[in-house]
Amino acid sequence: MANKRSTPDIILILTTLTLLAVGLIMVYSASAVWADYKFQDTFFFAKRQLLFAGLGVVAMFFIMNIDYWTWRTWAKLIILVCFFLLVVVLIPGIGMERNGSRSWIGVGAFSVQPSEFMKIAMIAFLAKYLSENQKKITSFKKGLVPSLSLVFLAFGMIMLQPDLGTGTVMVGTCIVMIYVAGARISHFVGLGLVGVAGFVVLVLSAPYRIKRITSFLNPWEDPLGSGFQIIQSLYAIGPGGLLGLGLGQSRQKFFYLPEPQTDFIFAILAEELGFIGGSFVVLLFALLLWRGVRIALGAPDLYGSFLAVGIIAMIAIQVIINVGVVTGLMPVTGITLPFLSYGGSSLTLMLLAVGILLNISRYAKY
């Protein structure tokens with residue numbers, strides 16, 4: 001790199017670690033009852049989350065010191081490995097099935113989700129492509145189609161698991177990157193219509209997705225079935241009020257809200273810490289995204305800018321969808337809340353991504 005390294009973005013580090021600390025506390029609080037019932041160990045999920053958080057933080061600081069151009073050099077190999085893992089995870093006996101999706105590779109509770117790592121691999125590869133072909137991106141055939149072809153190939157493989165939530169985040173992230181690179185809005189309008197039609201087909205092809213849509217529109221139509229999660233989530237948020245019931249005092253975690261330590265952890269947080277606690281977490285995410293945007297604007301080259309944009313877009317989309325689902329503003333999609341929800345692959349990925357963002361900040365001028 002031509003620019004000399006400087007101190008990484010301290011505000012970004014502190015914000016990330018604060019979100020991580022809140023997440024660890026809430027994973028324990030939300031999961032203690034379920035963990036005690038299922039594993040006779042109230043710390044079962046908390047201990048695993050702490051392990052992955054520790055590994056992730058070490059990885060974050062390690063990657064923070066690796067020149068981000070390294071990811072450009074290895075982008076092709078990384079994405080090929082991720083495509084290979086997406087094939088392997090579909091093989092019976094190798095891929096682990098949970099809740100109807102064959103998305104994990106590993107042993108027992110210690111497993112990884114290849115589709116999660118495909119998100120960061122796609123960001124690295126697309127940042128490389130866009131930085132080398134930015135002048136072509138205004139062309140539908142020469143720029144937009146080639147950049148989206150690989151994205152939708154990965155999306156199709158992820159849907160074979162199936163995992164609509166992760167696939168949606170990946171596609172949304174890539175569209176933001178392509179738009180920022182200078183793609184024409186008129187092209188997006190046409191593709192948007194095709195995308196909506198495709199999304200409708202995906203929803204109609206799976207009965208459980210149809211139920212998620214109908215339960216979103218009227219959860220009380222099936223309160224003990226497809227509408228159960230969102231109803232219980234709202235039952236958690238409502239009584240929380242301004243200050244909450246108190247840390248550890250959630251009622252919905254007593255077997256009302258299924259596995260509250262994962263996708264619906266924000267509901268338990270709002271129940272226990274109230275509007276103040278929920279707003280504090282949202283403001284932390286806003287602060288993180290603001291620092292990320294500053295880093296993207298100050299990056300010394302196009303690759304760094306596009307890489308930072310992709311990472312920030314990925315985090316922002318997940319936060320918006322997760323909070324939207326929990327508060328009843330969006331249909332249930334099964335997307336985790338970054339840094340807070342229980343899950344080794346998701347947590348590790350987010351910390352790796354922040355590590356890359358921190359390295360870009362060491363060269364950024366802002």
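Predicted model: local features only at pLDDT ≥ 70, side-chain atom pairs only at ≥ 80, totals over all residues.
**View 1. The cis peptide bond between Gln161 and Pro162**. Gln161 and Pro162 are joined by a cis peptide bond, with omega at about -10 degrees. Pro162 lies in the loop that runs between helix H6 (140–159) and helix H7 (164–180). For context, most peptide bonds are trans.

**View 2. Gln40, a residue with positive phi**. The phi of Gln40 is near 55 degrees, and this residue is not a glycine. Most residues other than glycine have a negative phi. Gln40 sits in the loop between helix H1 (10–39) and helix H2 (44–64). With a relative accessible area of 61%, Gln40 is exposed, because the cut-off for that class is over 50%.

**View 3. Phe339, a buried residue with positive phi**. Phe339 is not a glycine, yet its phi is positive, at about 70 degrees. The loop between helix H12 (302–326) and helix H13 (344–361) holds Phe339. The relative accessible area of Phe339 is 2%, so Phe339 counts as buried, a class defined as under 20%.

**View 4. The crossing of helices H7 and H12**. The axes of H7 and H12 come within 9 Å and cross at roughly 135 degrees, which means that H7 is oblique to H12. The crossing is right-handed. On the H7 side, the contact is made by Val169, Gly172, Thr173, Val176, Met177 and Val180. H12 contributes Phe306, Val309, Gly310, Ala313, Met314, Ile317, Gln318 and Ile321. By class, the contact of H7 with H12 has 10 nonpolar residues, 4 polar residues and no charged residues.

Note on methods: Residues numbered from 1 in each chain as written. Heavy atoms only, no water. Helix = DSSP H or I, 4+ residues; strand = E, 2+ residues; numbered from the N terminus. Buried < 20%, exposed > 50% of the residue type's maximum accessible area, 1.4 Å probe, protein only. Axes fitted to C-alpha atoms, helices over the stretch in contact; angles between N-to-C directions. Parallel < 35°, antiparallel > 145°, perpendicular 65-115°, else oblique. Left-handed = near helix turned anticlockwise from the far one by under 90°. Contact = heavy atoms within 4.5 Å. Nonpolar A, V, L, I, M, F, W, Y, C, P; charged D, E, K, R; others polar.
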